[in-house]
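I opened the model and kept notes as I went. Each entry records one thing I looked up.

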Amino acid sequence: MKCFSKTDIGLKRSENQDRVFTDTIDDSAAIVILCDGMGGENAGSVASQMTIDFMTDRIKKGFRANAGRNYLRNLLITSVTAANSLVYDRATKESDKYGMGTTCVAGIVYDNRAYIINVGDSRAYHIFDDNIQQITKDHTYVRKLIERGEITEEESRVHPDRNRITRAVGAEREITPDYFEIDLEEGNILLFSSDGLHSYGDDAEIAEIIVNNPIGKACDLLIDYALGNGGRDNVSVAVVEV
């Protein structure tokens, strides 16, 4: 199993509030955590870094070989909900951090299965047989409009509220992350990305970059792809190949 990640400030932002972490455990499991912070000054960076640090420590200490599906599911969910409490408490106690929060998409890949949670609009994709399928569902205002049939996917790309997130780590006292499990086969690839990538590109073109390049190089090319399409936001990617 191989995993790589990269983050870039983008072309217009003065600060990179994204954070991304990838690692393997005994070559049998991969951990990915990707956060896209939000908040004035450096508050978004604080929220995303706090979440990454806490979840990394908790998952690494909690992971064990031969763990069952329910154990890994609970490990992910309790990690992000506990991180939410930490970020929320700091945001309410420090005036300059008020309103800070972060998206979070995280996964454990183990024994040909991916365990994934998400909060916000950072995404996870499954790439197999040259196909790409979005695993997670965006927690955004425009996604609700699409599901109600009020706007189309194309209209959502230019909607004035397209960046309005409806769920974030640290935004409320309690959160409920979405949870997903998928079976994997050898050669399958998982992509985790902040909206700095998928808001500036086409899923099919993203998949083509990944399929046609070693995944380490693909991370660099995905950043270049987002920047070449405008790149006004921070952009972060993590890729795991089974």
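**Entry 1: Val46**

I began with Val46, which touches Arg90, Lys97 and Met100, not counting residues up to four places away in sequence. Contact here means heavy atoms within 4.5 Å. Val46 lies in helix 1 (residues 43-62). I take helices (H or I, at least four residues) and strands (E, at least two) as DSSP runs, numbered from the N terminus. Is Val46 buried or exposed? Its relative accessibility is 14%, so Val46 counts as buried. The cut-offs are under 20% relative accessible area for buried, over 50% for exposed, and partly exposed in between (1.4 Å probe, protein chains only). I also looked up Ile210: Val46 and Ile210 are 31 Å apart in space, C-alpha to C-alpha, and 164 residues apart in sequence.

**Entry 2: ground rules**

This is a predicted model, so I note that local features need pLDDT of at least 70 and side-chain atom pairs count only at pLDDT 80 or more, while totals for chains, interfaces and linings use all residues. Residues are numbered from 1 along each chain as its sequence is written, and side-chain values use heavy atoms, with hydrogens and water left out.

Lys60 counts as partly exposed because its relative accessibility is 39%. Leaving aside neighbours within four places in sequence, I find Lys60 in contact with Phe21, Asp23 and Ile31. With Asp23 there is a side-chain polar contact of 2.9 Å. A polar contact is a pair of N or O atoms within 3.5 Å; within protein, one must be able to donate a hydrogen and the other to accept it, and residues adjacent in sequence count only if both atoms are side-chain atoms. Lys60 and Thr24 are 9.7 Å apart, C-alpha to C-alpha, and 36 residues apart in sequence.

Thr22 is in strand 2 (residues 18-25). Its side chain makes a polar contact of 3.4 Å with the side chain of Ser5. Not counting residues up to four places away in sequence, the residues Thr22 touches include Ile31, Val32 and Ala238.

**Entry 3: the open sheet**

I followed Ser5 into its sheet. The bridge partner of Ser5 in strand 10 is Ala238. Strand 1 and strand 10 (residues 235-241) run antiparallel, joined by 7 bridges. Two strands pair if DSSP finds at least two bridges between them. In what order do the 5 strands of the open sheet come? The order is 1-10-9-6-7, with antiparallel pairing. Strand 1 (2-8) and strand 7 (131-134) are the edges, each pairing on one side only. The twist averages 20 degrees from one strand to the next. Axes are lines fitted to C-alpha atoms, for helices over the stretch in contact, and angles run from 0 to 180 degrees between N-to-C directions. Helix 7 (residues 215-228) lies across strands 1, 9 (189-193) and 10, at about 25 degrees to strand 1.

**Entry 4: strand 5**

Why is strand 5 (residues 113-119) largely enclosed by the rest of the structure? Because 7 of its 7 residues are buried. In a regular strand the side chains alternate between the two faces of the sheet. Arg113, Tyr115, Ile117 and Val119 are buried on one side of strand 5, and Ala114, Ile116 and Asn118 on the other.

Strand 4 (residues 101-110) joins strand 5 by 7 bridges, antiparallel. Tyr110 stands opposite Arg113. The two strands form a hairpin with 2 residues between them, and Asp111 in the turn has a positive phi of about 55 degrees. I then checked strand 8 (residues 178-183), which runs antiparallel to strand 5 with 6 bridges. There, Phe180 is the bridge partner of Ile116.
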